[in-house]
Number of protein chains: 2
Amino acid sequence: MARAEKRPVTVQTIAKHVGVSAAAVSTVLSNRHEERRLAPATVERIRQAVRELGYVPNVAARRLRAHDPDVHSMDLGILTTFEAPLFLVSRALEEVQRSVDARSAPDRRFSISIDMFHAGRLRDMPGLLNASRFNGVIITNTLPEDDAFLRSTTLPYAVVVQGRRLPNYCCVLETPGEGGRRAAEILVGGSRRRLVVLTPTLLTETTADRRDAFVAAVRAQTGREPVHVAADFTPASAAEAIRAHLAKDPRCDGLFAVTDTLALGALHALKSAGRRVPQDVAVVGVGDHEHADFFDPPLTCVGPAYDQVVAEIVSLLFNLMSRRRVRPVEVFVAPTVTLRAST
Amino acid sequence: MARAEKRPVTVQTIAKHVGVSAAAVSTVLSNRHEERRLAPATVERIRQAVRELGYVPNVAARRLRAHDPDVHSMDLGILTTFEAPLFLVSRALEEVQRSVDARSAPDRRFSISIDMFHAGRLRDMPGLLNASRFNGVIITNTLPEDDAFLRSTTLPYAVVVQGRRLPNYCCVLETPGEGGRRAAEILVGGSRRRLVVLTPTLLTETTADRRDAFVAAVRAQTGREPVHVAADFTPASAAEAIRAHLAKDPRCDGLFAVTDTLALGALHALKSAGRRVPQDVAVVGVGDHEHADFFDPPLTCVGPAYDQVVAEIVSLLFNLMSRRRVRPVEVFVAPTVTLRAST
DNA sequence: AAAAAGAGCTAAATCGATTTAGGCGCAAGT
DNA sequence: ACTTGCGCCTAAATCGATTTAGCTCTTTTT
C-alpha cells in the first residue's frame, strides 16, 4: 500500500505519465481547465494520475512563482519546543505582531509563525542551517544541547535568543542570579526557614540559574540548604511531587517555583494537604504565566519584566534584519518583584 | 532614510551594482568566499553593497533551491487568530505532532507551524488562496467574517475546520446545542434560578451556539431568562464584568462561562465579592483551558472531548492529504460533562 | 620558452510550478 | 476556395538563489 518512489511526484512526472505537458497538469491542478478549454477527458485522465501517483505540491516552488516582486516579504519565526507550554511565547508573539503591524505597508509584508522543535533537537529543524525558512527568528526555551548546537554554528541571518547567553548571538535574558536571590530574600525575609525549590526535571539555562541563585542565597542567609523537588512541566506532576515532599517534610514553610505552571500545581497540593497559603507556606513564582494574578491565591512573582524582555528582543531582531546592528550583544533585564497574596 | 525601491533587491541587483556575477554575490552571502577564492577586495565591495541596498533574501527561492528531491516534505499549518489565547491550539498541536512523528521517515518529513491572522481577516493571510504555503491546514477560532470568506471560496488543498459548519470543508465540532443544554441541566438541576451566561464580545459560531442553547434550555426549564454578560477574552475583563453584574444582581446564583478563561476571571470576581463557589454561586465552564482542574475551585466543565475532537481533525487532515477522502464531511463530537468542585 | 599551477571570476543549469504567447487542426462562414 | 474562429494543447519564460564546470589571465616551475 505504502507508495515509496525514490523521486517525488512533480507536475512533470504526471505530465509524462498521462502524455501531456506540464502546463496542462498545472492548469487542472489550479482548476483553470474550463477557461483554458482543456478537453474533459484529458482533465479526467490528469485527475486520475494525480490521485494515483500521490502528487504533493511543492510549496516553495509555488511561493517562488507566486512571488510579487513589488512586495518585500519577510518571514519571522518564533522557535520554541513542543515540550514548553505555548503560552510562554504569547507575549513575544503579541509584541512582534504589534511591531510588524506598525511596519507593514502595501509593499512590505511580514509573516510570523511559531515553529516548534523537540527539546534538545533544534539542530533537526529543517531550513535552520541553510536559511531557507526565515529572515529572522526568536529562539527560546532551548535545552543545553540546543545551546551547544547554537554555539557551534553561527546561523547566517537575524537571530535573537531569549534566556541564554551565547557569545555568537544577540541574547536577551534576565540578569543572571537576580531572580533566585530576590525570591530567597522574600522567603527568608518573611522568616521562612524550611524551604523548597521546585524545578522541571529538564532544566534550561534560565531555570537552572534561578534554582542555583536561590539555593546560594538561602545558604548564605540562613546557613540551611533548600530541598530540591523536580517535576514535569505540568501542574499535575508538580502537585504530585509536592504532595510527596509534604509527606516527608511536613514542616516546610516556603516554596520557590522556577516556573508558574509548577507553582500552580504546588498551590493545589498545599491547599489539598490543608496548608494555608501564605500563613503556613509562602509561595513565590516567576510571573511567566499570563494568569498568575488569577491563581488562588494570586502568585507573588520574582521574574523578568516580560514586556521589557520582549521589547528588547523585537528591537534587536529588527535592527539585525535591517543590518543596523551586526555585532552580538547581551541585554540583561532586571527582575521585577510583584508581591501578591501568596507571600 | 527610508529606502523604498520599487523593485526588491536580489542577488542580481547587487551583482549589477558591484559589477560582478550573481554567483559571486551568492558565494559571499553564504560565506564560501574563502574556499572559492574570491579576492578579499571583491568580497568587501559585495558586502558593502549588500548592506547599502538592504538586501533581503527570498526564502522561497532558497528553499526551492535547497530542496532535496529524495525527501517528500509536507507543510502543515494550524491557523488561529492573534486574539484567541494560544493555549487553545496546544492540544491540536500535540496531537498533530504525535501523528507526524509516527508518519515521519528519512524520506518523508513534516513541518508544523502555527500561523495567526487578525480575527475576521483570514482572507488577508498570504499564501492561503494560492496554496503556496501549506499542504494542509487546520483552521480554528474563526469569526463569522472568516467563515463567510471560507464559504465563498474553496481552498484547493487539505483543510479541516474546527468548530464551524461550512458545507465545502471537512468540519469537526461539538454537537450543536448540546453543550449549552447540558450546562443548563447542571445549573437548573442544582436548583439555581438566577443565572448568568458569560461570553466574549466577539462571538464565534461555537461560543454563540453554547450561549444560545444555554439560554433556550434555561428558558424551557424554568421560564426565566439568563442574563448575558460580555467581556474581552481576558480573565481581568471577565472579572470586571462579573463584578459589575454582581452589583446589579447580588442574588445571582449560577453562571455558565462559554470559555474557561472567562470562567477564571469570574471565579476571581465571585470570591473577592465574598461569594462562595459553589455554595452561593455555581460555575460551569467548557474545559478548553488545559488547567481547568487547577482552578480554585476546580471547574466543572461541559464541553467537547478535546482529545476526540483533535483525533478526528488529524485523521481527516491526513486522509485529505493522501486523497483517501475527497468529499467534505461534518463530524460531531458529543460534549462530555466533568463534574468538579465548582458546582 | 613552454608547460603547469593557481588565482579570480562567470555562464549556465537547476529546483518545481505557473503563465503567456502561440501553434495546429478542423469546422463554419462568405 | 479562402478566411475566420474555435477547441485543445505546448514551448518557453519566469520567480531568486545556488552550484558546477570551466574560462582567462598571471605567476611559477622546468
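A residue is counted as near a molecule or strand if one of its heavy atoms lies within 4 Å of it. The views below show a predicted model, in which local features need pLDDT of at least 70, side-chain atom pairs count only at pLDDT 80 or more, and totals for chains, interfaces and linings use all residues. Residues are numbered from 1 along each chain as its sequence is written, chains are lettered from A and ligands numbered from 1 in the order in which they are written, and side-chain values use heavy atoms, with hydrogens and water left out.

**View 1. Protein surroundings of DNA strand D.** There are 24 residues around DNA strand D, and those that come nearest are Ala39(A), Arg65(A), Val11(B), Tyr55(B) and Arg65(B). Sugar or phosphate accounts for 68% of the atoms of DNA strand D within 4 Å of the protein, and bases account for the rest. By class, this surface has twelve nonpolar, six polar and six charged residues. Here Ala, Val, Leu, Ile, Met, Phe, Trp, Tyr, Cys and Pro count as nonpolar, Asp, Glu, Lys and Arg as charged, and the others, Gly among them, as polar.

**View 2. Polar contacts to DNA strand D.** A polar contact is a pair of N or O atoms within 3.5 Å; within protein, one must be able to donate a hydrogen and the other to accept it, and residues adjacent in sequence count only if both atoms are side-chain atoms. Phosphate oxygens of DNA strand D are approached by polar side-chain atoms of Thr42(A), at 2.8 Å, and of His67(A), at 3.0 Å. A base oxygen of DNA strand D lies 2.4 Å from a side-chain N or O atom of Arg65(B). H4(B) provides the largest share, three residues. Helices (H or I, at least four residues) and strands (E, at least two) are DSSP runs, numbered from the N terminus.

**View 3. Protein surroundings of DNA strand C.** Val11(A), Tyr55(A), Arg65(A), Ala39(B) and Arg65(B) come nearest among the 25 residues around DNA strand C. Of the atoms of DNA strand C within 4 Å of the protein, 67% are in sugar or phosphate, and the rest are in bases. The surface near DNA strand C consists of twelve nonpolar, seven polar and six charged residues.

**View 4. Polar contacts to DNA strand C.** The side chain of Tyr55(A) places an N or O atom 2.6 Å from a phosphate oxygen of DNA strand C, and a polar side-chain atom of Arg36(A) is 3.4 Å from a phosphate oxygen of DNA strand C. At Ala61(A), a polar backbone atom is 3.4 Å from a base nitrogen of DNA strand C. Helices H2 (22-29) and H4 (59-66) of chain A, and helices H2 (22-29) and H4 (59-66) of chain B, are the elements that give two or more residues to the surface near DNA strand C. Three residues, the largest share, come from H4(A).

**View 5. Strand S1 of chain A and its partners.** Nine of the ten residues of strand S1 (residues 72-81) of chain A are buried, so S1(A) is largely enclosed by the rest of the structure. Buried means under 20% relative accessible area, exposed over 50%, and partly exposed in between (1.4 Å probe, protein chains only). S1(A) runs parallel to strand S2 (residues 108-117) of chain A, to which ten bridges join it; Thr81(A) has Phe117(A) as its bridge partner in S2(A). Four bridges join S1(A) to strand S3 (residues 136-139) of chain A, also in parallel, and Ile78(A) stands opposite Ile138(A) in S3(A). Two strands pair if DSSP finds at least two bridges between them. With helix H5 (residues 90-103) of chain A, S1(A) and S2(A) make a right-handed β-α-β unit. A crossover is right-handed if, with the strands pointing away from the viewer, the path from the first strand over the helix to the second runs clockwise.

View 6. A search of the whole structure finds zero disulfides over all chains, a disulfide being a pair of cysteine sulfur atoms within 2.5 Å. The cysteine sulfur closest to that of Cys170(A) belongs to Cys171(A), 7.3 Å away and too far for a bond. Cys170(A) is buried, at 3% relative accessibility. For Cys252(A), the closest cysteine sulfur is in Cys301(A), 18 Å away, which is too far for a bond; Cys252(A) is buried at 4% relative accessibility.
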